[in-house]
Amino acid sequence: MSTTLEGRVALVTGATGALGGAAARALSAAGAAVGVLSRSAETTAAMADELRAAGGDAHGFAADVLDVGQLESVRAEAISRWGRLDILVNAAGGNIPAATVGERSFFDVPLDALDDVISLNLRGTLIPIRVFGAEMLTEPYPEGGRSIVNFSSMSSRRALSRVVGYGVAKAAVDNLTRWLAVELGRASGGRLRVNAVAPGFFVGEQNRALLLNPDGSRTERGEAVITHTPAGRFGEPAEVAAAVVWLAGPAASFVTGSVLPIDGGFEAFSGV
């Protein structure tokens, strides 16, 4: 079965982050036209320029994944430009420092901060699917059908210290992924699939200070992560992106409702 994404149209939310950006680059390299979406018009345009410079068909959309009206405008423009939507990658999300447990106790974490991080990660996945998903149920379907790929996290599957709100939100994303795999699979005759990737530990701007010291050596938390990762290293964004491309394409046409760990074995290891 073909592994190319030629002729397909993909939309990536959170496309200017480390993992979302890697997914956008990989989808473009595989032949898909790519809509890159983030809140910053400047960084979104820069990413689209980068993909076009590499020979891809790309366009930037500045929008907030929590704003239905903005996403509806993106949908109208994307359909006008390309006439279809085959792949939706929900990479927008992240943690909020005020919603973490560390210097403060769980009982002192502001409820507003917990609401914010849950909204960003859960509603920031659910709302784009609501806005763009109906377009993905239209005939004709490409070979292997269409695909929605959500971003989960190891924190949804194992209790990780500090990130209580983020872990709760990503656990909900896992449930949403499986529920929609059933609902949209039935609605499409099995031709719209819904899966998620669950990255392990990857160094990005948001968590760099937690994992690495200024000199590049690992912090105490970074050492603990590597000790519990059989691969013995942090992941590379391209490794998550390769899984996204596979789930998005016809080679994964019988895969739906899965939450795929990309974690170097972190989930498999008990630490003993």
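The model is a predicted one. Helix H1 spans residues 18-29 and packs with helix H8, residues 237-248; H1 also packs with helix H2, residues 41-53.

**Helix H1 with helix H8**

- The axes of H1 and H8 lie 8 Å apart and meet at an angle of about 50°. The two helices are therefore oblique to each other, and their crossing is right-handed.
- On the H1 side, the contact is formed by Ala18, Leu19, Ala22, Ala23, Ala26 and Leu27. Their partners in H8 are Pro237, Ala238, Val240, Ala241, Val244, Val245 and Ala248.
- In terms of residue class, this contact comprises 13 nonpolar residues, with no polar and no charged ones.

**Helix H1 with helix H2**

- H1 and H2 pack at an angle of about 30°, and their axes are 10 Å apart. Because angles under 35 degrees count as roughly parallel, H1 is roughly parallel to H2.
- The crossing of H1 and H2 is right-handed. Gly21, Ala24, Arg25 and Ser28 of H1 make the contact with Met47, Glu50 and Leu51 of H2.
- The residues of the contact between H1 and H2 comprise three nonpolar, two polar and two charged.

**Largest pocket**

- The lining of the largest pocket consists of 45 residues. Nearest the centre of this pocket lie Gly93, Gly94, Asn95, Tyr166 and Gln206.
- Two or more lining residues come from each of H1, strand E2 (33-38), helix H5 (164-188) and helix H6 (208-211).
- By class, the lining of the largest pocket has 21 nonpolar, 17 polar and seven charged residues.

How values were computed:
Residues are numbered from 1 along each chain as its sequence is written. This is a predicted model: local features need pLDDT of at least 70, side-chain atom pairs count only at pLDDT 80 or more; totals for chains, interfaces and linings use all residues. Side-chain values use heavy atoms; hydrogens and water are left out. Axes are lines fitted to C-alpha atoms, for helices over the stretch in contact, and angles run from 0 to 180 degrees between N-to-C directions. Helices (H or I, at least four residues) and strands (E, at least two) are DSSP runs, numbered from the N terminus. Angles under 35 degrees count as roughly parallel, over 145 as roughly antiparallel, 65 to 115 as roughly perpendicular and the rest as oblique. A crossing is left-handed if the near helix is turned anticlockwise from the far one by less than a right angle, and right-handed if clockwise. Contact means heavy atoms within 4.5 Å. Ala, Val, Leu, Ile, Met, Phe, Trp, Tyr, Cys and Pro count as nonpolar, Asp, Glu, Lys and Arg as charged, and the others, Gly among them, as polar. On a 1 Å grid over the protein atoms alone, a cavity is a set of points where a 1.4 Å probe fits but cannot get out, and a pocket is an open set with protein on both sides within 12 Å along at least five of seven lines; lining residues have an atom within 4 Å of a point.
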